[in-house]
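Welcome, and thanks for joining this short tour. Open your viewer, and we will go from one selection to the next together.

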Amino acid sequence: MCKGSPAHVAIIMDGNGRWGKKRGISRSEGHYAGSKRMEEIIDASIELGINVLTLYAFSSENWSRPHDEVKYLMDLPVRFFHKKLPEFMKRNIQIRISGNLTPVPGKTREVLEKAVTSTANNTGMIVNFAFNYGGRGDIVHAAKMLMEEVRNGKISEEDITEKKLQQCLYTGDLPSPDMVIRTGGERRLSNFLLWQSAESELYFSDVHFPDFTGEMFAKAIGQQLGKRYLSG
Ligand code: IPE
Ligand code: IPE
Ligand code: MG
């Protein structure tokens, strides 16, 4: 019998900047091409029956990039959800955000929060965007939440277990990823899902994310797609 798709796949979508550079265009154009490819990977994930797809879109370390590039990366979700939110509603997709939205510019934060609240009752695939996310920060944030609960008398020290801490992470009730994929040739986690990936299979591809097709994605998880996707 054919093995089914993993329940939760997480992707470090790396290589956008180099993809642009290789073509003599800007890094930002590379990010745009990456966002188009991301649409294709979401479509492929639905076809493959994945329950949760986590996409690393902006790390807590990415603020140190040049101002214009950060600005572009902050504007990208605004464009993306303007186009895709009605479709996500129609396709019963639930959007989640993992990360600290407090320092994110107002317009972007509003769009991300709207995507989460308006899809909260959808029961289909979950697409979880890791945005201003860092694994160490995630654990610190969880530790502070636990401390608050102890201080309020809601829990006592003995109640702090691995399970309890895990529930306080930005990923909350989501299952841990079965597989973490990194495109772009680097073989590191770059502060992604440090706690959650403790038992995940790691898959590295040398292909820059804007060239990472639905078929490549399906192959990474040991599956095959029934149809070919062409992203615009
Ligand atoms: C990953 O691509 C996307 C983000 C960090 C937002 P990069 O921008 O890191 O691309 P490379 O690694 O420089 O090619
Ligand atoms: C990881 O890629 C972050 C995202 C894909 C959003 P980076 O390019 O930022 O990571 P490093 O700098 O190679 O560690
Ligand atoms: Mg990179």
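**Helices around the ligand**

Begin by selecting helix 1 (16-22), helix 2 (27-48) and helix 3 (67-90): each of them supplies at least two residues of the shell around ligand 1. Keep in mind as you look that this is a predicted model. Which helix gives the most to that shell? Helix 1 does, with three residues.

**The shell**

Now show the residues around ligand 1. There are 13 of them, and the closest are Asp 14, Gly 17, Arg 18, Arg 27 and Arg 65. Color the shell by class and you will find three nonpolar, five polar and five charged residues.

Next, zoom in on the oxygen atoms of ligand 1.

- Select Arg 27: an N or O atom in its side chain is 2.9 Å from an oxygen atom of ligand 1.
- Move to Asn 16, where a polar backbone atom lies 3.2 Å from an oxygen atom of the ligand.
- Then pick Gly 15, which has a backbone N or O atom 3.4 Å from an oxygen atom of ligand 1.

How much of ligand 1 does the protein bury? Taken alone, the ligand exposes 380 Å², and the protein buries 88% of that.

**The whole chain**

Finally, zoom out and color by secondary structure. The protein chain has seven helices and six strands, running β-α-α-β-α-β-α-β-α-α-β-β-α from the N terminus on. Its C-alpha atoms fill a box of roughly 55 × 50 × 35 Å along the principal axes.

Technical notes. Residues are numbered from 1 along each chain as its sequence is written. Chains are lettered from A and ligands numbered from 1 in the order in which they are written. This is a predicted model: local features need pLDDT of at least 70, side-chain atom pairs count only at pLDDT 80 or more; totals for chains, interfaces and linings use all residues. Side-chain values use heavy atoms; hydrogens and water are left out. A residue is near a molecule or strand if one of its heavy atoms lies within 4 Å of it. A polar contact is a pair of N or O atoms within 3.5 Å; within protein, one must be able to donate a hydrogen and the other to accept it, and residues adjacent in sequence count only if both atoms are side-chain atoms. Accessible areas come from the Shrake-Rupley method with a 1.4 Å probe; for residues, only the protein chains shown count as cover. Helices (H or I, at least four residues) and strands (E, at least two) are DSSP runs, numbered from the N terminus. Ala, Val, Leu, Ile, Met, Phe, Trp, Tyr, Cys and Pro count as nonpolar, Asp, Glu, Lys and Arg as charged, and the others, Gly among them, as polar.
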